[in-house]
Amino acid sequence: MTLKLANFFSQCGLPDLAAYAYEAYLTFEKNDPNLHIYLQTLMYTSPDIFDHKYIFDAHTKWGKTLVRTPKYMDYPNALTSDRKLKIGYTCHFVTNSTSSTLLLPILKSHNRNKVEIFMYSDQDASQTPDNIRKYAEHWRDTQHLNDDDFCDLIRSDQIDILLELNGHCATNRYRALTRKPAPIQISYYNYSSTSGVPEIDYILVGEEVGIDNLQPYYSETIYHKKGIIIATPISDHFPPVSPPPFLKNGYITFGSFGQAHKVSHKQIQLWCEVLKKVSNSRFYMKANALDCEVVRSVFMNHFINSGIDSHRIILEGGSDYETLLNCYSKLDITLDTYPFGGGTTPIESIIQGVPVITLVGERFCSWHGYNNMHNIGHDEFIAQSSEEFVNKAVNLANDKNKLADYRRTLRSSLANSPRGDMKRFINELEEAYTDMWNTYIESVKTSM
């Protein structure tokens with residue numbers, strides 16, 4: 001019953017209660033890795049309860065339970081920098097909607113004169129089309145490999161740098177990485193905090209991510225690559241930008257299409273402050289968790305208890321990716337989540353011409369919105385306080401000309417910005433890999 005309650009709380013805007021329930025359940029099921037993952041992810045939505053040290057201690061304590069032996073201490077890799085580096089990526093959601101927007105363009109764009117790419121795909125092999133497999137010189141279907149066999153494969157391929165892209169999901173390769181199968185191991189892409197695994201050398205971020213003060217709370221070295229954290233070329237799967245819906249509706253529709261576990265009751269109260277100041281406005285929330293009638297009812301009560309009539313709230317469940325992207329035609333302004341900001345969602349919104357008001361915080365997960373908006377040249381969407389968040393949202397809602405102009409220009413703003421420049425991003429990423437490799441070579445020579 002405790003576990004069911006925890007799962008329920010996590011999906012309906014009550015992350016604090018969910019975290020307490022998971023902690024209670026862990027006293028009985030201490031070795032369930034998935035429970036640790038769910039708990040650690042929820043901690044980011046409650047900074048008042050779970051501070052930096054608490055989160056770091058929880059992650060590192062969990063990381064120690066993963067340790068496998070023996071750990072590799074030497075590698076056959078040639079200690080030279082005048083060769084192609086062998087780069088390995090491991091992920092279990094290689095072709096989902098997020099990866100089609102973010103990961104696959106990276107694999108496709110790498111400079112084959114500088115690096116040799118190995119993709120270790122833990123998703124069902126039947127879900128990977130042949131044309132996608134061509135994005136890497138070496139595509140390994142690893143779903144059925146245990147951690148030891150996975151490590152043997154990494155060693156056999158003589159991977160120089162291995163990136164774990166899963167983050168704290170139910171499927172990841174953290175346990176395998178505790179054996180250190182590759183000389184350099186990196187956490188990147190799908191996690192916004194420390195992995196808690198000391199055998200992971202770096203967490204890779206961009207220049208714009210201001211979290212150096214949090215280094216004591218990361219088991220990895222925070223590595224700032226030159227330029228931005230990730231690029232997003234506008235792929236063919238994005239539909240044409242639609243006219244702003246306020247022209248037809250006569251009112252402003254705010255909304256959020258992020259994951260429900262990032263939404264707290266406190267967040268909804270902030271959204272409601274915006275709704276109260278923009279007369280007759282609506283709020284459109286779309287998330288997979290809202291497929292459940294009970295969850296929809298709880299979220300509706302959050303809005304009602306914060307002073308908003310139910311007729312102003314639209315709650316909708318999940319859909320396929322094409323339908324999701326077309327739903328931005330119903331939004332005038334996206335309101336980001338806080339303190340766990342959206343990663344892919346705000347960029348999808350921008351590509352569809354919908355401006356995103358975001359609030360910056362101290363944690364890595366509270367910098368996603370800043371990274372996205374700053375990189376495309378729209379700092380006016382970035383708020384430094386809750387009051388500023390409300391004011392920016394209200395002022396934009398009251399400026400219909402500016403809203404219409406954003407609808408026409410945001411996609412091109414992204415395309416012509418560093419965020420849309422995949423070639424530049426890849427060059428900078430590969431420079432980072434080379435720098436890490438040279439640092440490793442020096443460390444080996446020094447230890448001899």
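Predicted model: local features only at pLDDT ≥ 70, side-chain atom pairs only at ≥ 80, totals over all residues.
Residues are numbered from 1 along each chain as its sequence is written, and side-chain values use heavy atoms, without hydrogens or water. Local features need pLDDT of at least 70, side-chain atom pairs count only at pLDDT 80 or more, and totals for chains, interfaces and linings use all residues.

Two packed helices are described by the angle between their axes and the distance between the axes. Helix 11 (residues 265-277) and helix 16 (residues 386-397) have axes that come within 9 Å and cross at roughly 40 degrees. Helices here are DSSP runs of H or I with at least four residues, strands are E runs of at least two, and both are numbered from the N terminus. Axes are lines fitted to C-alpha atoms, for helices over the stretch in contact, with angles from 0 to 180 degrees between N-to-C directions. Helix 11 and helix 16 are therefore oblique to each other (under 35 degrees is roughly parallel, over 145 roughly antiparallel, 65 to 115 roughly perpendicular, and the rest oblique). The crossing of helix 11 past helix 16 is right-handed (the near helix is turned clockwise from the far one by less than a right angle). Helix 11 contributes L270, W271, E273, V274 and K277 to the contact, and helix 16 contributes S386, F389, V390, N391, A393 and V394. Contact means heavy atoms within 4.5 Å.

The structure holds 13 aromatic pairs. Rings of Phe, Tyr and Trp (its six-membered ring) pair if their centres lie within 6.5 Å; planes under 30 degrees apart are stacked, over 60 edge-to-face, and the rest tilted. F283 and F303 form a tilted pair, because their ring centres are 5.5 Å apart and their planes lie at 40 degrees. F283 sits in strand 9 (residues 282-286) and F303 in helix 12 (residues 293-305), 20 residues apart. Both F283 and F303 are buried (under 20% relative accessible area; exposed is over 50%, partly exposed in between, with a 1.4 Å probe and protein chains only). F381 and Y406 pair edge-to-face, at 4.9 Å centre to centre and 70 degrees between the planes. F381 and Y406 are buried too. Ring pairs also link F118, Y120 and F150 into a cluster.

R68 lies in the loop between helix 4 (52-65) and strand 1 (85-91). R68 counts as partly exposed, because its relative accessibility is 27%. Beyond its neighbours within four places in sequence, R68 contacts D147, D148, R175, T178 and R179. R175 is 107 residues from R68 along the chain, yet their C-alpha atoms are separated by 6.9 Å.
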